[in-house]
Amino acid sequence: MEHHDNQQHLISYGTYITVWLSLLILTGLTVAVAGVHLGKYNVFIALLVAAFKSSLVLLYFMHLRYENRLFHAMFLVVLFTITVIVALTYVDTLAR
Amino acid sequence: MSQATAQNIPLSFYEEKSAYPGIFAWIFSTDHKRIGLLYMFTILSFFLFGMSMGFLIRLEKMFPGGQFFQPATYNALFTIHGVVMIFLFVIPGIPAVFGNFILPIQLGAEDVAFPRLNLLSWWLLVIGALVIFLSLFTGSKLPDTGWTFYAPYNTITTANIPMAVFGAFLVGFSSILTGLNFITTVHRLRAKGMTFFRMPLFAWSIYATAWIQILATPVVGITLLLVIAERFLGVGVFNPSKSGDPLMYQHLFWIYSHPAVYIMVLPAMGIVSDIIPTFCKKPIFGYKAIAFSSMSIAFIGYLVWGHHMFTSGMADLARVVFSFLTFFVAVPTAIKIFNWTATLYKGSIELRAPMLFALSFIFLFSIGGLTGVMLGTLNLDLHLHDTSFVVAHFHYTIFGGFGFALFGGIHYWFPKMFGKMYNETRAKWAWLLLFIGFNMTYFPLFLAGLEGMPRRYYDYLPKFAPYHFWSTIGSWIMISGILFMFGNLLHGLLRGEKADDNPWGGSTLEWQVPSPPPLVNFTTPPVVNKDPYDFSDILKKRNSSPTPQDQEDKGGQ
Amino acid sequence: MSAHAAELAVHEHKDYTGAKIGMWMFLFTEVLLFGGLFLLYAVYRAEYPQGFHQGGLHLDVFLGAINTIILLTSSLTMALSIAAIQRGQKGLAIFFLSFTILCGATFMVNKYFEWSKKIHHKIYPGSEALAKYVDNMVEEGKVPPQQKSGVLLFFSLYYLMTGLHGLHVLVGMIAMAFILRKLLKQPFVHHRWNPFQKQELQGCRLVLEDPNGQTIWKSETFDETVKHVDVEFQYYPAPKHVHPDDYVALENTGLYWHLVDLIWIFLFPLFYLIS
């Protein structure tokens with residue numbers, strides 16, 4: 001069982017470099033967009049880009065894409081927990 | 001296999017030689033069984049210390065007016081009682097003791113997934129505890145914030161709060177490492193054939209608890225670090241005089257500390273779910289429902305923290321939402337209670353000592369749980385908040401729940417852990433004293449609270465005097481019960497008869513290894529091909545032997 | 001029977017998936033540790049948008065962007081280092097790992113200059129000069145009076161969050177240095193066991209087999225004169241002197257490093273890009 005389980009999935013050097021380039025482009029994009037005044041939407045765009053960047057890091061650099069379902073499920077649980085915590089706190093602070 | 005063990009019984013883990021001499025064979029051991037026992041003696045010492053504080057609190061409140069202590073000392077007493085009991089006894093509690101000793105054996109594993117990390121968590125607990133105790137004597141006065149360390153008083157008081165919260169932070173780190181270890185153990189080290197739905201319910205409850213430990217503890221970790229930063233680095237995120245919002249401290253604190261009450265009680269429910277079928281000789285009713293209810297309690301436990309803050313100035317919307325969500329916790333809890341009682345139905349119940357503790361758990365925890373629903377009701381809580389009703393409620397859940405289950409677990413697994421048996425008649429008497437004393441101590445506090453007796457008050461109006469008087473008398477009975485129980489267990493440990501491998505006729509894997517278990521738990525890796533609470537083999541064996549007391553027969557051989 | 005038991009005891013259990021699960025769990029706790037701070041940020045920013053805006057004006061976007069690029073690049077080289085070791089290219093792995101450590105150091109140097117410049121201008125939490133400065137802002141009409149707290153909270157959170165993040169960068173660098181040392185050392189593997197019980201050994205012998213079942217070496221039969229047996233041996237693992245232990249340790253360190261990067265991905269827009 002150990003042998004099959006511990007099989008490494010090889011990702012090509014090219015993939016890593018492509019991901020890195022996309023991350024740099026997204027960084028440029030988020031800096032550029034921050035200069036444009038969009039009022040409330042600025043923060044949403046910034047967070048959206050950051051979320052996109054972090055999913056690239058998670059999926060490729062951290063190999064989450066190639067791990068089994070357990071890792072995906074665990075990660076979603078954490079994401080969900082944070083969302084719940086922030087949302088329920090907002091129920092208080094935004095309504096106060 | 002059985003022949004091989006009969007020929008040469010493997011040495012128990014006590015007798016196995018260690019690389020270190022004396023006490024170091026324990027405090028440097030990475031064996032899960034030794035670590036489990038280390039935890040047991042550590043947290044029980046903290047319990048006895050916390051219990052003495054509780055005894056003094058009750059003594060002070062026996063009559064109205066000051067009796068023995070200054071008001072400031074009284075504030076320190078309830079703070080230390082709370083901090084020691086919560087952070088050093090109840091939160092490490094069952095997972096650290098039985099999660100370590102029993103869980104790997106129940107899963108058919110040799111050890112937990114990361115044995116060295118496991119030892120590190122014990123050390124972190126001990127160091128954290130030392131830091132907490134040191135904080136008592138290094139400030140200009142004893143800590144007097146209550147166990148919740150509320151802002152902004154936590155930065156204003158001259159007691160050494162930063163040190164105390166740093167100790168609590170270390171203890172939290174220990175809890176995280178324990179949780180991480182158990183989740184990995186459950187996922188990776190189950191024996192062949194031990195599917196998730198063949199795990200004993202105790203293992204399920206430890207698994208659910210471990211998730212809370214992972215996901216909630218870091219939040220309190222950062223909160224406590226922020227308290228230290230506020231004091232020393234001049235930042236002001238909670239202190240209103242420095243532009244912070246003290247309610248945010250309460251939010252962050254309860255985001256951890258509400259789920260933490262399920263860290264306390266879920267493993268307790270796991271123990272009860274293991275004890276009841278063993279003494280009914282009947283598969284547990286609604287296995288999957290109990291397993292899933294553990295997971296859903298862990299989940300819903302995250303959504304309800306705001307009910308600790310109903311009177312603290314939260315938005316009305318939040319108060320209503322949190323009150324509404326709180327009611328949902330009662331559902332999975334009730335599922336468990338109904339399933340336990342349904343298991344009792346038509347079971348061949350043996351009222352042995354562990355079973356008495358398990359049954360009284362159901363009774364006491366139901367009272368604690370139902371009063372919890374009362375407190376979760378927004379309009380009622382406005383009346384009852386910060387009264388002794390709350391004190392009675394959480395003592396019924398934490399002591400009546402966690403405490404009785406822990407003691408039940410100790411009585412249940414004592415023969416497995418030590419290979420000795422305690423005197424059961426005395427154990428039952430101790431239970432009776434404890435049960436009567438417990439109800440006498442805490443039930444009057446419900447009544448006093450309903451009439452408006454505030455909690456954490458040094459003095460009170462004469463109309464509350466009878467409640468406090470009887471409560472204090474009750475505390476004496478309870479404490480004598482506890483001391484009698486420990487005395488009996490200690491006597492069993494030193495002088496007790498040799499225990500059988502399976503004295504209760506339990507069906508889970510830990511009863512299939514010798515008592516006490518050898519260093520290597522299983523000489524051959526076990527293969528599981530039946531449900532955890534399948535007693536058919538045990539009953540068959542029992543029916544075929546003419547005398548039910550084969551314990552005595554074995555002793556004679 | 002007893003020979004069988006002994007054989008099983010020797011069979012060493014190394015669970016790399018388990019190690020990875022453990023590491024991910026640890027990362028989750030780190031995420032939630034920062035989560036508490038992000039929650040404070042979320043609440044206070046929603047309450048004091050203008051205050052945060054004014055605070056953000058004092059941060060250097062250029063320096064922040066440079067640090068972002070440095071961290072992203074270090075994440076790349078970390079991933080490449082793991083890719084290299086998976087392919088048995090140990091030299092390349094060592095090169096990439098050293099480069100990653102260098103990136104971390106550069107990040108910290110930048111951070112040092114950024115912080116010291118601010119502290120030099122008396123912009124730090126609890127500073128009276130900062131409080132006065134914020135009062136001036138209010139008088140000049142840059143910040144509405146009720147948003148004044150926002151500026152102070154912004155700086156409190158800025159120092160707390162980038163400070164805690166910097167601490168994690170340091171820890172990551174230390175962890176990487178350990179792995180680097182491990183990779184640079186002579187790569188033999190060293191094992192010791194003494195799991196046997198005397199009774200089990202009676203009449204048995206110790207045999208070393210290769211994966212095809214061919215006997216490489218065997219000992220004498222143990223009789224009652226044998227008190228206990230310690231097994232200890234060293235070997236050079238294939239391929240090319242890389243042992244699986246190396247990459248699970250490297251991979252877990254990598255995971256930690258990527259997490260540090262992930263947190264910065266959020267910190268950068270939330271602090272530097274809100275002006």
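The exercises below refer to this predicted model.

**Exercise 1. Packing of two helices in chain B**

Determine how α4(B) and α7(B) are oriented relative to each other, and identify the residues through which they meet.

Solution. 

Step 1. Two packed helices are described by the angle between their axes and the distance between the axes.

Step 2. For helix α4 (residues 71-90) of chain B and helix α7 (residues 115-138) of chain B, the axes come within 12 Å, and the crossing angle is roughly 175°.

Step 3. An angle over 145 degrees counts as roughly antiparallel. Therefore α4(B) and α7(B) are roughly antiparallel to each other.

Step 4. On the α4(B) side, the meeting residues are Ile80(B), Val83(B), Val84(B) and Leu88(B). Their counterparts in α7(B) are Leu125(B), Ala129(B), Ile132(B), Phe133(B) and Leu136(B). Sorted by class, this contact has 9 nonpolar residues, with no polar and no charged ones.

**Exercise 2. The interface of chain A and chain C**

Describe the contact between chain A and chain C by its residues, its buried area and its polar interactions.

Solution. 

Step 1. Chain A contributes 46 residues to the contact, and chain C contributes 47 residues.

Step 2. The two chains bury about 4,100 Å² between them, and carbon and sulfur atoms give 75% of this area.

Step 3. The interface holds 1 salt bridge. Its partners are Glu67(A) and Lys20(C), whose closest N and O atoms lie 3.2 Å apart.

Step 4. On the side of chain A that touches chain C, the elements giving two or more residues are α1 (2-5), α2 (13-35), α3 (41-61) and α4 (69-93) of chain A. The largest share, 12 residues, comes from α4(A). By class, this side of chain A has 31 nonpolar, 11 polar and 4 charged residues.

**Exercise 3. The interface of chain C and chain B**

Carry out the corresponding analysis for chain C and chain B, and state which element of chain C gives the most residues to the contact.

Solution. 

Step 1. The contact takes 34 residues from chain C and 40 residues from chain B.

Step 2. About 2,900 Å² is buried between chain C and chain B, 76% of it on carbon and sulfur atoms.

Step 3. The count of salt bridges is 1. Arg188(B) pairs with Asp15(C) in a salt bridge, with the closest N and O atoms 2.8 Å apart.

Step 4. The element that gives the most is α2(C), with 17 residues. The class count for the side of chain C that touches chain B is 21 nonpolar, 11 polar and 2 charged residues.

**Exercise 4. Backbone exceptions**

Locate the cis peptide bonds from Ala151(B) to Pro152(B) and between Ser515(B) and Pro516(B), and the positive phi of His63(A).

Solution. 

Step 1. Most residues other than glycine have a negative phi, and most peptide bonds are trans.

Step 2. The bond from Ala151(B) to Pro152(B) is cis, with omega near -5°. Pro152(B) lies in the loop between α7 and α8 (153-156) of chain B.

Step 3. Ser515(B) and Pro516(B) are joined by a cis bond with omega about -15°. Pro516(B) is placed in the loop between β2 (497-498) and α19 (536-544) of chain B.

Step 4. His63(A), which is not a glycine, has a positive phi of about 65°. His63(A) belongs to the loop between α3 and α4 of chain A.

Conventions:
Residues are numbered from 1 along each chain as its sequence is written. Chains are lettered from A and ligands numbered from 1 in the order in which they are written. This is a predicted model: local features need pLDDT of at least 70, side-chain atom pairs count only at pLDDT 80 or more; totals for chains, interfaces and linings use all residues. Side-chain values use heavy atoms; hydrogens and water are left out. Axes are lines fitted to C-alpha atoms, for helices over the stretch in contact, and angles run from 0 to 180 degrees between N-to-C directions. Helices (H or I, at least four residues) and strands (E, at least two) are DSSP runs, numbered from the N terminus. Angles under 35 degrees count as roughly parallel, over 145 as roughly antiparallel, 65 to 115 as roughly perpendicular and the rest as oblique. Contact means heavy atoms within 4.5 Å. Ala, Val, Leu, Ile, Met, Phe, Trp, Tyr, Cys and Pro count as nonpolar, Asp, Glu, Lys and Arg as charged, and the others, Gly among them, as polar. Buried area is the accessible area (1.4 Å probe) that two parts lose on being put together, summed over both. A salt bridge is a side-chain nitrogen of Lys or Arg within 4 Å of a carboxyl oxygen of Asp or Glu. A polar contact is a pair of N or O atoms within 3.5 Å; within protein, one must be able to donate a hydrogen and the other to accept it, and residues adjacent in sequence count only if both atoms are side-chain atoms.
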